[in-house]
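Subject: A structure for you to look at

Hi there,

Here is the structure I promised to pass on. Please open it beside this email and follow along as you read.

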Amino acid sequence: QVQLVESGGGLVQPGGSLRLSCKFSGSIFALYDMAWYRQAPSKQRELVASVTGGGTSKYGESVKDRFTISRDGALNTVYLQMSSLKPEDTAVYYCNARAPLKPSEYNFWGQGTQVTVSS
């Protein structure tokens with residue numbers, strides 16, 4: 001069973017930076033597409049960024065040019081480097097792992113980590 005453990009959330013001032021980490025275990029990391037989602041109060045969960053096993057990444061429009069997703073196969077970890085943070089980036093951030101060949105069967109979530117952007 002895949003397990004995902006996020007870390008790195010916290011309180012940061014507007015304009016600041018933060019790096020989230022998600023440690024993957026329980027299966028073969030390279031076979032999974034990895035992604036970060038976020039959910040703010042009273043809003044739907046939205047895709048922030050994703051990266052395939054081959055390293056192709058994509059971003060939500062609101063975070064392009066500010067956030068960078070990366071993955072480290074040696075550490076089985078995916079990162080989200082966030083910069084130029086805005087109050088509207090405040091949300092619970094969730095790590096997701098999904099096997100592209102069987103996405104409905106192999107789709108896993110972390111417990112979430114809170115990011116608060118406030119002065």
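Below is what was found in it, topic by topic.

Before you start, please note that this is a predicted model, in which local features need pLDDT of at least 70 and side-chain atom pairs count only at pLDDT 80 or more, while totals for chains, interfaces and linings use all residues. Residues are numbered from 1 along each chain as its sequence is written, and side-chain values use heavy atoms, with hydrogens and water left out.

**Strands and hairpins**

The strands named here are DSSP runs of E with at least two residues, and helices would be runs of H or I with at least four residues; both are numbered from the N terminus. Two strands count as paired if DSSP finds at least two bridges between them.

Start with strand S4 (residues 33-39) and strand S5 (residues 46-51), which run antiparallel and are joined by five bridges. Across this pair, Arg38 stands opposite Glu46 in S5. The hairpin of S4 and S5 has six residues between the strands, and Ser42 takes a positive phi near 65° there.

S5 also runs antiparallel to strand S6 (residues 57-59), with three bridges between them. Here Val51 has Ser57 in S6 as its bridge partner. In the hairpin of S5 and S6, five residues lie between the strands, and Gly55 has a positive phi near 100°.

**The disulfide**

A disulfide is a covalent bond between the sulfur atoms of two cysteines. For the search, it was taken as a pair of cysteine sulfur atoms within 2.5 Å. The structure holds one disulfide, formed by Cys22 and Cys95 with their sulfur atoms 2.1 Å apart. This pair links distant parts of the chain: Cys22 sits in strand S3 (residues 18-25) and Cys95 in strand S9 (residues 91-98), 73 residues apart. The torsion about the S-S bond of Cys22 and Cys95 is about -85°, so the disulfide is left-handed.

Are these two cysteines buried or exposed? In this email, buried means under 20% relative accessible area, exposed means over 50%, and partly exposed is in between (1.4 Å probe, protein chains only). Cys22 is buried because its relative accessibility is 0%, and Cys95 is buried with a relative accessible area of 0%.

**Salt bridges**

A salt bridge here is a side-chain nitrogen of Lys or Arg within 4 Å of a carboxyl oxygen of Asp or Glu. How many salt bridges does a search of the whole structure find? The search finds five.

One of them joins the side chains of Asp89 and Arg38 (2.9 Å, N to O). That pair links distant parts of the chain, with Asp89 in the loop between strand S8 (77-82) and S9, and Arg38 in strand S4, 51 residues apart. Asp89 is buried at 0% relative accessible area, and Arg38 is buried at 6%.

Asp89 also meets Arg66 in a salt bridge (2.8 Å, N to O). Arg66 lies in the loop between S6 and S7 and Asp89 in the loop between S8 and S9, so the pair ties together parts that are 23 residues apart in sequence. With a relative accessibility of 11%, Arg66 counts as buried. Putting these together, Arg38, Glu46, Arg66 and Asp89 are linked in a network of salt bridges.

For another example, look at Glu61 and Lys64, whose closest N and O atoms are 2.8 Å apart in their salt bridge. Glu61 is exposed at 63%, and Lys64 is partly exposed at 39%.

**The nonpolar core**

A nonpolar core is a set of buried Ala, Val, Leu, Ile, Met, Phe, Trp, Tyr and Cys residues joined through side-chain atoms within 4.5 Å. The largest one has 30 residues, and those with the most contacts inside it are Leu4, Met34, Trp36, Leu80, Met82 and Tyr93. The elements that give two or more residues to this core are S3, S4, S5, S7, S8, S9 and strand S11 (113-117).

Contact means heavy atoms within 4.5 Å. Not counting residues up to four places away in sequence, Tyr93 touches several residues, among them Trp36, Leu80 and Met82.

Enjoy exploring!

Best wishes
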